[in-house]
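Please report on the structure shown below.

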Amino acid sequence: MKKITTLILTISTLVSYCQSKDRVDFSIVEANKTSSIHIDKNNNAIYSGVPWMDQNGNVVNAHGACIIKEKDVFYLFGEAHSDTSNAFGGFNCYSSKDLYNWKFESVALPVQKSGKLGPNRVGERVKVMKNPKTGEYVMYMHADTLTYKDQFVGYAVSKKIKGPYEFKGPLLFQGKPIKKWDMGTFQDNEGSGYILVHGGEIYKLNDDYKSVTEKVNENITTGFESPTMFKKEGLYYFIGSHLTSWEKNDNYYYTSNSLKGPWTSRGLIAPEGSLTWNSQSTFVLPVKGTKETAYIFMGDRWSYPKQGSSATYVWQPLLISGTSVSIPNYQEVWKINTSTGVVSKKEIEGTSIKNSDSQIEYTGIWEHTTTESKSNEKEASFSIQFTGKQIALYSIVGPENGYAKVVLNDEKKHEIITMVIDMYSKNPVITQVFRSPNLKKGNYILTVYNTGERPNWSDKRKSSYGSTGNYISVSQLRIE
């Protein structure tokens, strides 16, 4: 999937500018911002499909990501996006001990002054592995031009996990770059490292992870983007997605007892038509605990063109039985004990406020049914005054929906949060699209506006994708 993004600068972002000037230097300006003075306590679960905030109140900006664990800390590496360009904006590093709360650590690899990862270049699909022999951290990425005509797998190195990483250029096989785009990595039990590329090709890395020794597996099928692999009990599982530009699709997978194949097609990893719960695979994280090993599917919910402000993450526990891998049900909220590896459900809490409730005030032209209220009018809005510590918005996302601006104020009308959220989905579904951080219990006002914008685009074949309308929707609000 090719990537592009837009810039939205709010007053609250100026605080981010002062606190995180290094990100601004690389044209990574956060659109979504919350004031930390109102935060009460940390998250206690994983929430999919809604923006996450770091310790500074900035949206977590780490797409096409991976995670590696060092001692008891998980490090998340991902693409930093703006909303104005698909140009490389750096690879961010975050840390967490519980997978719920993320601390911004660094721009692990910034935009280079010139060259293959300099201005007006593309850098995607960042993956990091620690070399077991040298102790060095090696980062891999897809590097390219903005027109995707100079694609190759590149690498960078660092002595420290958080960086800074030094870009070394193309990863070579038989003296030549691997001229592919979507890529991933896999580290086997004994420490061997592998590069995965679209189509299902697999390359084995040298002992120092800085070159390729052999091509282990040939192309399996046409397409097969976002290659993602994990291993359980001697069986390899290879996940990928179809070629549909930025549009979500039903991801599928293969299994094999050997990286050299043969590979057996096993079908979809989520129910047909769910579009992998509106996401694309990027990584599978094994969490080995004292009782169990959990496997977490990490997916991107891309949002063209507003990748920086509106793209979110879909993390779901995988159900694995023999050769079967699935995400049979979408869990909008769930828990994992990183010490034991045990996954558990978390009950949805709070009071539900239906779209027809008199507490919600509508401005502009709205269409009301028993299940939702929706508006296609720019600047149309709805608002609710509430007492509590957290609020969540549920919408019927669909093919005619666009971007909504969410503003959360306290009772003195001080702005706490401003963010843009994506209500588009190729297939309609009721889902959570926004959840505020945990706040100090008090009186607040939530207002949601129609921006008059929508995600839509065309690919190289001039095929059209995305929304056909600018509707925003509210099905219910949940207040805790």
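Leu 99 is buried, at a relative accessible area of 2%; buried means under 20% relative accessible area, exposed over 50% and partly exposed in between, with a 1.4 Å probe and protein chains only. Leu 99 sits in the loop that links strand 5 (91-96) to strand 6 (103-109). Helices (H or I, at least four residues) and strands (E, at least two) are DSSP runs, numbered from the N terminus. Although Leu 99 is not glycine, its phi is positive, near 70°.

Lys 413 also has a positive phi, of about 65°, and is not a glycine. It belongs to the loop between strand 34 (403-410) and strand 35 (415-422). Lys 413 counts as exposed, with 65% relative accessibility. Most residues other than glycine have a negative phi, and most peptide bonds are trans.

## Basis of the model

This is a predicted model, in which local features need pLDDT of at least 70 and side-chain atom pairs count only at pLDDT 80 or more, while totals for chains, interfaces and linings use all residues. Residues are numbered from 1 along each chain as its sequence is written, and side-chain values use heavy atoms, leaving out hydrogens and water.

## Cis peptide bonds and Ser 158

The peptide bond between Gly 163 and Pro 164 is cis, with omega about 10°. Pro 164 is in the loop between strand 9 and strand 10 (166-170). A cis bond also joins Tyr 304 and Pro 305, with omega about 5°; Pro 305 is in the loop between strand 22 (293-301) and helix 4 (307-310).

Ser 158 is part of strand 9 (residues 152-158) and is buried, with a relative accessible area of 5%. A polar atom of the Ser 158 side chain lies 3.3 Å from the backbone oxygen of Pro 164. Beyond its neighbours within four places in sequence, Ser 158 is in contact (heavy atoms within 4.5 Å) with Glu 136, Tyr 137, Gly 163, Pro 164 and Tyr 165.

Strand 33 (residues 391-397) is largely enclosed by the rest of the structure, because 7 of its 7 residues are buried. On one side are Ile 391, Leu 393, Ser 395 and Val 397, and on the other Ala 392, Tyr 394 and Ile 396; all are buried, so both faces are covered. In a regular strand the side chains alternate between the two faces of the sheet.

Strand 33 runs antiparallel to strand 41 (residues 476-479), joined by 4 bridges; two strands pair if DSSP finds at least two bridges between them. In this pairing Tyr 394 is opposite Gln 476. Strand 33 also pairs with strand 36 (residues 429-435), in the antiparallel sense over 6 bridges, and there Val 397 is opposite Val 429.

## Overall dimensions

The protein has 4 helices and 41 strands. Of the 480 residues, 61% count as buried.

## Confidence

Mean pLDDT, the predictor's confidence in each residue from 0 to 100, is 91, and 91% of the residues reach 70 or more. Over residues 1-31, pLDDT stays under 50. Where pLDDT is low, the predicted coordinates should not be read in detail.

Methods
Polar contact = N/O pair within 3.5 Å; in protein donor to acceptor, adjacent residues only side chain to side chain.
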